Amino acid sequence: MEPAPSATPARRAAISHPSTLRTSRTSSPFGLRCAGAVDFTTRDAWRSALAELTAAKREAHLDLSALTFIDVHGTSILVEAAASRAPQAPRIVLHRPPPMMLRILGVFWPSLPTIEVVHT
């Protein structure tokens, strides 16, 4: 009798291929270009990337066209970052956010003056 495998094939694949999040700064417009996924494995990287925007006293843009997934917690980190910006700081502009993020924002934060969504 063979011992049971320690993980199923699907579980082994998930362990060997964790989610990735890639961010890069943009200067015109000021902000970040984000690609990949925001989930429990990438939340710290997401929080760190957004922390740079919280200190800026100018409008910040997030190009999210290559973001493939974001969960509720990842979206709440964005909302917290937008709320923690200095009172005189303009909004954060989201460019082409994934549909899931729009649904999460609509359900939990339907009206945020500190976040603007641009679809083009």
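Predicted model: local features only at pLDDT ≥ 70, side-chain atom pairs only at ≥ 80, totals over all residues.
The partners are phenylalanine 108 and tryptophan 109, with 5.8 Å centre to centre and 50° between the planes, which makes the pair tilted.

Another ring to look at is phenylalanine 30. Arginine 58 lies over its face, 4.1 Å from the ring centre.

Next, helix α3, residues 72-84. With 13 residues at 1.5 Å a residue, the helix should span 18 Å; the end C-alpha atoms are 18 Å apart, so expectation and model agree. At the start of α3, aspartate 71 places a side-chain oxygen within 3.4 Å of the backbone nitrogen of histidine 73.

Which residues of α3 are buried? They are Gly74, Thr75, Ser76, Ile77, Leu78, Val79, Ala81 and Ala82. The cover over these buried residues includes the strands β2 (30-38), β3 (60-70), β4 (92-95) and β5 (115-118), together with the helices α2 (43-54) and α4 (99-108).

One of those strands, β4, holds histidine 95. Is histidine 95 buried or exposed? Its relative accessible area is 18%, and the cut-off for buried is under 20%, so histidine 95 is buried. Its side chain makes a polar contact of 2.7 Å with the side chain of histidine 61.

Definitions and conventions:
Residues numbered from 1 in each chain as written. Heavy atoms only, no water. Helix = DSSP H or I, 4+ residues; strand = E, 2+ residues; numbered from the N terminus. Expected span 1.5 Å × (residues − 1). Buried < 20%, exposed > 50% of the residue type's maximum accessible area, 1.4 Å probe, protein only. Contact = heavy atoms within 4.5 Å. Polar contact = N/O pair within 3.5 Å; in protein donor to acceptor, adjacent residues only side chain to side chain. Phe/Tyr/Trp six-rings, centres within 6.5 Å; stacked < 30°, edge-to-face > 60°. Lys NZ or Arg CZ within 6 Å of the ring centre and 35° of its normal.
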